[in-house]
Amino acid sequence: MTFCLLLLSVVAVTAAVPVPRSLTRAVWPEREPVVALWVWQCLVATVLLCCLTALVLGAAAVFHTVRDHVFAPAPPAVTAAYDLSAAPVWAVVLTVLLACGAAWTTAMLARELVEARRSRGQTRAHLRERAPELPAGLPAARGPLLVLEDEYPDAWWMPGSPPQLIVTTGALHRLTDHQLDAVLTHERGHARARHDWLLHLSTALATGFPRIPLFAHFCDQTHRLVELAADDTASRRCGHLTTALALIELNQHRGVLSCSSSHRLLGERVDRLLAPPPRLTRHRRAMATALAALTPLVPLLITFAPGLTALG
């Protein structure tokens, strides 16, 4: 049991500190934002599984009630393989810390979901009060669409059931039909991929554990990569140039091409659309996806290895 806890701790620290820092310096995520999002999710899942399995093993060693429930169906040889007869002091401290961390994580996720639902309901009701009638010439095939009277061009996606696409009359007047299609396709890309769940998860973890590099980078990179992934969705349908021009038209009044930090991502997105980076080959993309999917299996293998060895 001691060896398993130490090994799980090493894997969790490795996945939480050095790996995210090296991943943020890599170039390939800009080429493959969907694969990069998958890699980040797998890293987070690895750390959470390490903590969860360490919590279960530590609780089984510290508390007899937990041990009886977890290892009740197992043969005596399996219980002996985990050496649960006595827990060192550091294992008790680690178990208590992990239990507190699990409770805090659950609280942060619950708070994020409650706040998101409350804010979404208030915003949806406010927007419906402001929405005028749809223009007669706007095709109904563009899906659930809410048009707001506003001179500034803007468009965004509001998650919910069903998702709501919102566009201002300024955008309808300024954008061409092809550019408007690119904008709406971009927003539908967010809705189809359910990016709102990723954003809520990353925000909750970063808020609850701001000093852990993995969760801080996960939040920053998720907000960046979901936009790049939606840009790719729009550019595949409407073309890179049309999507870039639509992005410029929507954000020109905000200073999309300025050097301020708040608008730097918009400038990077425009540059990326005008000069698309070379993409990974299909073989490398599949390999990266498969390796990332196998990463969360490491804490499970560490946890079940003593029991499988005892049964063998």
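**View 1. Helices behind the nonpolar surface patch.** In this predicted model, helices α14 (282-294) and α15 (297-311) each supply at least two residues of the nonpolar patch, where helices are DSSP runs of H or I with at least four residues, numbered from the N terminus. The patch is formed by Met 287, Leu 291, Leu 294, Leu 297 and Leu 301, which together have about 500 Å² of accessible area, and α14 contributes the largest share, three residues. Patch residues have over 30% relative accessible area and no salt bridge (a Lys or Arg side-chain nitrogen within 4 Å of an Asp or Glu carboxyl oxygen), with nonpolar side chains joined within 5 Å; areas come from the Shrake-Rupley method with a 1.4 Å probe.

**View 2. The largest nonpolar core.** This core has 22 residues, among which Trp 40, Leu 214 and Phe 215 have the most contacts inside it; a core is a set of buried nonpolar residues or Cys joined through side-chain atoms within 4.5 Å. Two or more residues come from each of α1 (2-16), α4 (33-62), α10 (195-208) and α11 (213-238), and α4 gives the most, nine.

**View 3. Surroundings of Phe 215.** Leaving aside residues up to four places away in sequence, Phe 215 touches Val 44, Val 47, Leu 48, Ser 202, Leu 205, Ala 206 and Phe 209, a contact being heavy atoms within 4.5 Å.

Residues are numbered from 1 along each chain as its sequence is written. Local features need pLDDT of at least 70, and side-chain atom pairs count only at pLDDT 80 or more, with hydrogens and water left out of side-chain values.

Key: Buried < 20%, exposed > 50% of the residue type's maximum accessible area, 1.4 Å probe, protein only. Patch = residues over 30% accessible without salt bridge, like charges linked within 9 Å, V, L, I, M, F, W, Y side chains within 5 Å.
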